[in-house]
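Biologist: I would like to go through this model one question at a time. Please show it first.

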Amino acid sequence: MAGAELPSGAAAGHPGPDRPPPARPVLLRGTDRAALAVALVDRLRRAGLPTGLTEAGDLVHALDVSPPLTVGALYWTARVALVRRQPDLAVFDEVFAAVFADAPPLPLTRASGPLVARRDDVHVPVPAQAGDPADGGGLPWATLPPAVAPADPTDSALATPERRPSALAALAELPFEDLDASQTDQLGEALRATLTRWPTRRTRRQAADPSGRRIALRPTIARARRTAWEPVALVRERPIRRPRRAVLLCDVSESMRAQATAYLHLMRAFTLVADAEVFAFATTLTRLTPALRHTSATEAVARAGTLVTDRFGGTRIATNISAVLNSHHGNALRGALVIVASDGWDSDPADQMDAAMARLRRRAHRILWLNPRAGAPGFIPSVAGMAAALPYCDRLLPAATFHDLTRAAHLLQEVGG
């Protein structure tokens with residue numbers, strides 16, 4: 001109609017009711033996202049970027065949720081999905097630029113023409129299907145290629161990175177005599193960090209608890225006074241649990257020179273976590289508990305070394321065990337977890353060791369003996385002192401490296417309950 005007005009916006013070039021909207025530009029339309037992600041991840045792995053199946057799956061999910069409209073949007077989507085560390089950004093930028101900067105134009109709209117073939121050693125041509133207007137060229141992930149032959153097993157498997165232990169874990173496998181002072185302090189701090197909990201024991205005291213099994217008579221009767229002495233409200237209680245006591249005896253005689261410092265680190269760990277009582281012995285007994293409670297491992301071990309006046313001398317194990325039993329610290333042994341760290345070489349008679357260990361066995365909850373030579377092949381406790389003490393011990397554990405001490409610490413946490 002001559003005098004009819006155009007719909008609002010039609011004169012300005014906007015789509016009207018009878019005009020279809022223009023095609024919205026879409027990047028990678030019709031592209032297999034899984035093949036794209038796998039090919040890009042493979043290219044990044046060859047360049048040295050640590051990517052794998054997890055990152056490829058994240059990229060496929062990201063492309064499905066938010067299809068990129070531009071190459072810049074594709075860059076940020078791939079960067080967020082594939083890059084995990086700041087130093088890897090340079091490698092990712094280089095690979096992304098090599099793949100997409102020199103790539104042929106991708107179809108941005110439905111009306112776009114076919115892809116232009118680019119045949120080189122980087123972009124492998126893909127055979128076209130029958131009736132496909134494209135000429136078969138383009139990126140390797142633009143179209144799924146037909147399966148013409150089985151894949152080569154040597155090339156299809158992804159290389160798995162070799163897992164190697166850290167430097168600290170490698171030092172933990174070395175004997176104590178091969179470690180210097182700084183390495184021993186580092187391993188001592190790592191050993192203390194492994195002790196995060198300590199077993200508890202049941203006491204005779206009770207505490208009010210709604211989930212308790214036992215009825216507290218006195219609180220229940222006290223509440224019954226409000227209801228004419230009828231026990232309407234029952235007060236329940238449960239036993240109080242407290243940390244298991246621990247008493248540690250460390251041999252610092254001449255035969256234990258290489259192991260004494262490492263064992264003091266173990267004693268310090270138990271002092272901080274389990275509030276243990278620690279004693280060092282050679283020919284006499286020395287209490288080291290206050291010195292080993294220092295926050296610095298180096299300072300704690302140094303203070304403990306200065307307190308022991310007979311360090312690296314003779315050994316009297318049975319005499320020193322009897323000294324602990326006869327002292328005012330003997331009550332700390334009742335129901336306690338007792339750890340003796342020694343090689344068993346004793347100048348006291350074997351019958352004296354037998355009597356001292358029998359007394360200790362009647363008081364302690366568990367007795368564990370750490371021997372640096374117990375892990376050697378064919379070890380037999382033939383030393384008189386060790387042979388006399390072994391029947392009264394619950395466990396004989398090897399303790400020649402920090403790795404052995406860590407395993408012993410975990411075992412002590414289990415048997416202490």
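Biologist: Is Tyr263 buried or exposed, and what is its relative accessible area?
Modeller: This is a predicted model, so the values are computed from it. Buried means under 20% relative accessible area. Tyr263 falls under that cut-off and is buried, with a relative accessible area of 0%.

Biologist: How are the rings of Phe176 and Tyr263 arranged?
Modeller: Their centres are 6.0 Å apart and their planes are at 85°. Planes over 60 degrees apart count as edge-to-face. The pair of Phe176 and Tyr263 is therefore edge-to-face.

Biologist: Which parts of the chain does the aromatic pair of Phe176 and Phe402 tie together?
Modeller: The two rings are 5.5 Å apart centre to centre, with 85° between the planes, and the pair is edge-to-face. Both residues, Phe176 and Phe402, are buried. Because Phe176 and Phe402 are 226 residues apart in sequence, the pair ties together the loop between H6 and H7 and helix H15.

Biologist: Which helices do the buried residues of H7 pack against?
Modeller: Helix H7 covers residues 181-194. Its buried residues are Thr184, Asp185, Leu187, Gly188 and Leu191. They pack against helices H6, H9, H11 and H15.

Biologist: How much accessible area does the nonpolar patch with Ile215 have together?
Modeller: Ile215 sits in strand S2 and is partly exposed, with a relative accessible area of 33%. The patch on the surface is formed by Ile215, Leu217, Ile221, Trp229 and Leu234, and their accessible area together is about 550 Å².

Notes: Residues are numbered from 1 along each chain as its sequence is written. This is a predicted model: local features need pLDDT of at least 70, side-chain atom pairs count only at pLDDT 80 or more; totals for chains, interfaces and linings use all residues. Side-chain values use heavy atoms; hydrogens and water are left out. Helices (H or I, at least four residues) and strands (E, at least two) are DSSP runs, numbered from the N terminus. The expected span of a helix is 1.5 Å times one less than its number of residues. Buried means under 20% relative accessible area, exposed over 50%, partly exposed in between (1.4 Å probe, protein chains only). Contact means heavy atoms within 4.5 Å. Patches are made of residues with over 30% relative accessible area and no salt bridge: like charges are joined within 9 Å, nonpolar side chains (Val, Leu, Ile, Met, Phe, Trp, Tyr) within 5 Å. Accessible areas come from the Shrake-Rupley method with a 1.4 Å probe; for residues, only the protein chains shown count as cover. A salt bridge is a side-chain nitrogen of Lys or Arg within 4 Å of a carboxyl oxygen of Asp or Glu. Rings of Phe, Tyr and Trp (its six-membered ring) pair if their centres lie within 6.5 Å; planes under 30 degrees apart count as stacked, over 60 as edge-to-face and the rest as tilted.
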